[in-house]
Amino acid sequence: MSHVVVDQEEVPYVKTKAKLEDAILQGRIKQAARSCKELHEKNASVHADGLYYLNSSRGVLYQTFCDMTTAGGGWTLVASVHENNMYGKCTLGDRWSNQQGSDPNRPDGEGTWANTVTFGTAESSTSDDYKNPGYYDIAAQDVSVWHVPNNIDLEQWSATSILRYHTENHFLNLYGGNLFYLFKKFPVRFGLGACITDNGPAIPIVYDTGNVDYNKNLYGPNSRRMSNFLEPVFFTFFKESSYICALFSDGVCFVVCNVLILLQFCIGGGGHFPEAIPRQCGDFTSFDWDGYGTNIGWSASKEITEAAVLLFYR
């Protein structure tokens, strides 16, 4: 039998250190708020962007990023959508659509938009997908979206974002207080809804970084010609003849019901993409329809294709 000899003087130090770390953690649990907004409102000294601990309604302690400066601060990072491989069509890593290929037998795909599965870490949000308990647990009113170049360090997110925008009309009050309940009401699945009559909410946005003209040039010229950028809005889409994407379309407003056009701007979706299988399958759907990052035809620019989408609540 082997024995491990420990310096007798180190034992008290190790125990003291462990107790100190435990005390710090317990203190964070007691002080942890339900959201960055609550943390911001209850503690005047909390005014810097960065990582903070939050506590869910079920007592789950988790760490996330708080934006304490934009439009008064108090924004909680709840998720990020990161396309790890544009050449992989609904393959491993496409957590916001389907990791098992376009499959009519799995129309909801991973179901990530409307389930309580969590994954990733806040600080790795620009290099991998992220979803924390706040996504379904926080009762929020508005949403903020950042498009941050892939693999950027957390400290540089705000400064390097190519687009940042947020809503201000408290639209989530009408949809259960977060995207989890919104997508329960509007499932992301092929064959649901009817164009115009069954669309999801169209919500005005305010740009914090970028503007409408800059935004539209990030997408292919064919898409720009066929869509209307006059009104910047936060969107969810649903169509009669096809599934439509889960998320917004990057502040783009559409006045047409054309699946190909809409998919050029879509982020995330269900598990079945019937048109040109598997060409438009994945978390960023048809961003590469006419080539990766070419910004010709129907293809988005490399800049927007290689940026993670960070989602915040307030």
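Two strands pair if DSSP finds at least two bridges between them. Helices (H or I, at least four residues) and strands (E, at least two) are DSSP runs, numbered from the N terminus. The model is predicted, so local features need pLDDT of at least 70, side-chain atom pairs count only at pLDDT 80 or more, and totals for chains, interfaces and linings use all residues. Residues are numbered from 1 along each chain as its sequence is written, and side-chain values use heavy atoms, with hydrogens and water left out.

**Exercise 1. Find the partners of strand 6, and say where its side chains point.**

Step 1. Start with strand 8 (residues 206-209): three bridges join strand 6 to strand 8, and the two run antiparallel. Look for Arg164, which stands opposite Thr209 in strand 8.

Step 2. Now turn to strand 5 (residues 143-149). Four bridges link strand 5 to strand 6, again antiparallel. Here Val145 stands opposite Tyr165.

Step 3. Recall a general rule: in a regular strand the side chains alternate between the two faces of the sheet. In strand 6 (residues 163-166), Leu163 and Tyr165 point one way, while Arg164 and His166 point the other way.

Step 4. Check the burial of these residues. Buried means under 20% relative accessible area, exposed over 50%, and partly exposed in between (1.4 Å probe, protein chains only). Leu163, Arg164, Tyr165 and His166 are all buried.

**Exercise 2. Describe the hairpin formed by strand 1 and strand 2.**

Step 1. Count the bridges: six join strand 1 (residues 50-55) to strand 2, and the strands run antiparallel.

Step 2. Pick out a pair. The bridge partner of Leu51 is Phe65 in strand 2.

Step 3. Inspect the turn. Five residues lie between the two strands, and Gly59 in the turn has a positive phi of about 85°.

**Exercise 3. Locate the disulfides of the whole structure and describe each one.**

Step 1. Know what to search for: a disulfide is a covalent bond between the sulfur atoms of two cysteines. The search takes a pair of cysteine sulfur atoms within 2.5 Å, and finds two disulfides in the whole structure.

Step 2. Take Cys36 and Cys66, whose sulfur atoms are 1.9 Å apart. Cys36 lies in helix 2 (residues 36-42) and Cys66 in strand 2 (residues 61-67), so this pair ties together parts 30 residues apart in sequence. The torsion about their S-S bond is about -75°, so the disulfide is left-handed. Cys36 is buried at 0% relative accessibility, and Cys66 is buried with a relative accessible area of 0%.

Step 3. Move on to Cys90 and Cys281, with sulfur atoms 1.9 Å apart. Cys90 sits in the loop between strand 3 (75-81) and strand 4 (130-131), and Cys281 in the loop between helix 8 (259-263) and helix 9 (302-305), so the pair ties together parts that are 191 residues apart in sequence. The S-S torsion of Cys90 and Cys281 is about -85°, so this disulfide is left-handed. Cys90 is buried at 1% relative accessible area, and Cys281 is buried at 2%.

**Exercise 4. Summarise the protein and the confidence of its model.**

Step 1. Read the confidence. pLDDT is the predictor's confidence in each residue, from 0 to 100. The mean pLDDT of the protein is 82, and 77% of its residues reach 70 or more.
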